[in-house]
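Work through the exercises below with the sequence and the model side by side. Try each task before reading its solution.

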Amino acid sequence: MGSEAKVIYARTSLMYSKPLSDITEREVYLKLENTQPCGSFKLRGLSVLCQEKLRNGCTRLLGTSGGNAGLALAYTAEKLKVPCDIFVPKYVPPRMLKKLKSYGANITIAGKDWQETNTAAMELLNNRPEIGFIHPYEDPLIWEGHATIVHEIKEDLRGRKPSCIVCSVGGGGLSLGILQGLEAVGWKDVPLLCMETVGAECFNLSLKTGTQFVLDELTSIAKTLGARSVTTALLDRVKKFNVVSKVLPDKDAVLGCVRLADDHGFLVEPSCGVTMAAVYSKVLPDALESCGYRTDNGPVVLIACGGSDISHEILQDLANMFDISLKD
């Protein structure tokens, strides 16, 4: 990441979860990326890329995000004292716009989804070399920043190798970072279970079709899994690692949010809840063991990727939508 880089992200805790361990009859840990200053893992990679852009002469930053990447960019820009412009899709709620503006970002609303928003933002880059574009997930420096998650996990497990790591997949940046981290620490054989929701499962469909599958539209409530296609870099990398893909309905993702709030008091978005549902909906251990991977030879680590578009009121509304009791 370079000796000049300032560490803007937080080193997050790896927390043992008794409730999740009891469900799986495995040793389960949560990597608490939801406790990053701006609420998600995005801060790791984007803060690294932002600083590289500034070192290369940029004096202004530009991003496109449905929420968490935008917050990471806005937070980083404020810390680095540089102006930034953020283009967001029309579905971004007022509470998220308020958060983005609180960090001093200039907001433009354009497009019905991330792809349309990104296209609109590109027009601002024309003949503007002073502007550094910060992609939400498509850059090797972003993946390098996200890879620090695995380095911290190894330190906190004191070298014990996990039996698997579980994470959510949107555009693919987090997964690429984890794979890069696994290779760097000598854990390349550790399986990665990638979770998606129905209506946002571009990675799963890409694996099934053997090509980059582009969804016509996003129909999942997990809006921050908001890419209609996954980066081809992930599709190339998974061939060299042990990667398993699973898809669950939105209801399971919401159940993951509710149960995590009940068990540990954390509020996370459905895009993170679907990773929690790998345990709560009992995807594990069968999803991995049916593919020939053991899950009883080391800790199971779930990446609580976080997400800022959540509140008690929103969680209650989501639970009501699917007739889920907050006291289950």
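Helices (H or I, at least four residues) and strands (E, at least two) are DSSP runs, numbered from the N terminus. This is a predicted model, in which local features need pLDDT of at least 70 and side-chain atom pairs count only at pLDDT 80 or more, while totals for chains, interfaces and linings use all residues. Residues are numbered from 1 along each chain as its sequence is written, and side-chain values use heavy atoms, with hydrogens and water left out.

**Exercise 1. Describe the chain as a whole.**

Step 1. Count the elements: the chain has 14 helices and ten strands.

Step 2. Compare the radius of gyration (taken over C-alpha atoms) with the globule rule, 2.2 Å times the number of residues to the power 0.38. For 328 residues, a compact globule would have a value near 20 Å; the chain has 19 Å, so the two agree.

Step 3. Find the share of buried residues, where buried means under 20% relative accessible area, exposed over 50%, and partly exposed in between (1.4 Å probe, protein chains only). Buried residues make up 58% of the 328 residues.

**Exercise 2. Work out the order of the open sheet and place the helices that pack on it.**

Step 1. Four strands form an open sheet in the order 5-4-3-6, with parallel pairing.

Step 2. Look at the edges. Strand 5 (106-109) and strand 6 each have a single partner strand, so one side of each is left without a neighbour in the sheet. From one strand to the next, the twist averages 20°.

Step 3. Inspect one pair. Strand 3 (residues 60-64) and strand 4 (residues 84-88) run parallel and are joined by four bridges. Within this pair, G63 stands opposite I86.

Step 4. Axes are lines fitted to C-alpha atoms, for helices over the stretch in contact, and angles run from 0 to 180 degrees between N-to-C directions. Helix 3 (residues 68-80) packs on the sheet, touching strands 3, 4 and 6, and its direction makes about 170° with that of strand 4. Helix 4 (residues 94-102) touches strand 4 and strand 5, and makes about 150° with strand 5.

**Exercise 3. Find the partners and the cover of strand 2.**

Step 1. Identify the partners. Strand 1 (residues 14-16) pairs with strand 2 in the antiparallel sense over three bridges, and L14 stands opposite K31. Strand 10 (residues 300-304) runs parallel to strand 2 and is joined to it by five bridges; L302 is the bridge partner of L30.

Step 2. Check the cover. Five of the five residues in strand 2 (residues 28-32) are buried. V28, L30 and L32 lie on one side, and Y29 and K31 on the other.

**Exercise 4. Are T275 and L125 buried or partly exposed?**

Step 1. T275 lies in helix 12 (residues 270-280). Its relative accessible area is 0%, so T275 is buried.

Step 2. A polar contact is a pair of N or O atoms within 3.5 Å; within protein, one must be able to donate a hydrogen and the other to accept it, and residues adjacent in sequence count only if both atoms are side-chain atoms. The side chains of T275 and S168 make such a contact at 2.7 Å.

Step 3. L125 lies in the loop between helix 5 (114-122) and strand 6 (131-134). With a relative accessible area of 22%, L125 is partly exposed. Not counting residues up to four places away in sequence, L125 touches L62, I131 and F133.

Definitions and conventions
Contact = heavy atoms within 4.5 Å. Pairing = 2+ DSSP bridges.
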